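Subject: Model for you to look at

Hi,

Here is the model I promised to pass on. Please open it alongside these notes.

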Amino acid sequence: MKIILVRHGKTQANIDWKYSTDDTVLAKDGLHILDKTKKLLEDYDIDEVYTSDLIRSQETAKHLGFTNFTIDKRINEMNFGDFRGQSIDEVRLKQKLFFENERNNYFGIKYPNGESRNEVIRRTSEFLDEISKKDDKTILCISHGIAIRSTLFWVLKDLSNWNSFWIDNGSLTVFNVKDNKKLIESVNKI
């Protein structure tokens, strides 16, 4: 079976370098990226489609031509809590103590009223464990940057590799699951 994860299309929050909110939508001037994604997906015969429950992932699915999808919160973006909607640069200036603490506990620290990277890895792994039981299917999941990066650690166990990966808007990350073996076929394919 194949599990294909696609990061949602570009949003104004991506362009403005802000933490996204639940109601962040796709930026019209970034839709051309998804045209490339649509072309890449032509190589696959998609059986099922999942999206996060965030609007931008559902808009992405529709733009890619998928109107019948299942919403699953486990592939939502990391919850940045109180930082949502704010400029990333401004938050880093105002919340220096939080980010100093994050350096010492990068995966365990929870964002204020949000979640930790360990929690994202745990919930995305649970999702992948569940859908990987659907033998001989090709499943498309529209998700988010940190959520997709977290899925890599469903296979990889060494978290020190975290910063070795980046997930671009509209990119494909593909897992091949066969005979109980989980293989990473591609990461950030654009």
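His8 sits in the loop that joins strand S1 (2-7) to helix H1 (12-16). Helices (H or I, at least four residues) and strands (E, at least two) are DSSP runs, numbered from the N terminus. The model is predicted: local features need pLDDT of at least 70, side-chain atom pairs count only at pLDDT 80 or more, and totals for chains, interfaces and linings use all residues. Residues are numbered from 1 along each chain as its sequence is written, and side-chain values use heavy atoms, with hydrogens and water left out.

His8 is buried, at 2% relative accessible area (buried is under 20%, exposed over 50%, partly exposed in between; 1.4 Å probe, protein chains only). Beyond residues up to four places away in sequence, His8 touches residues including Asn14, Arg56, His144 and Asn169. Contact means heavy atoms within 4.5 Å.

Glu77 is in the loop between strand S3 (70-71) and helix H4 (88-94). Glu77 is also buried, with a relative accessible area of 15%. Leaving aside neighbours within four places in sequence, its contacts include Arg56, Glu115, Arg123 and His144.

UniProt, in an unreviewed entry, places the feature "active site" at His8 and Glu77. Its positions are given in the numbering used here, feature names are shortened, and annotations may be inferred rather than shown by experiment.

Now the aromatics. There are 15 aromatic pairs (Phe, Tyr and Trp rings, the six-membered one for Trp, with centres within 6.5 Å; planes under 30 degrees apart are stacked, over 60 edge-to-face, the rest tilted). Phe99 and Tyr111 have ring centres 6.5 Å apart and planes at 75°, so this pair is edge-to-face. Phe99 lies in helix H5 (residues 96-104) and Tyr111 in the loop between H5 and helix H6 (117-131), so the pair ties together parts 12 residues apart in sequence. Phe99 is buried at 7%, and Tyr111 is buried at 3%. One aromatic cluster is formed by Tyr19, Phe80, Phe83, Phe98, Phe99 and Tyr111.

Best wishes
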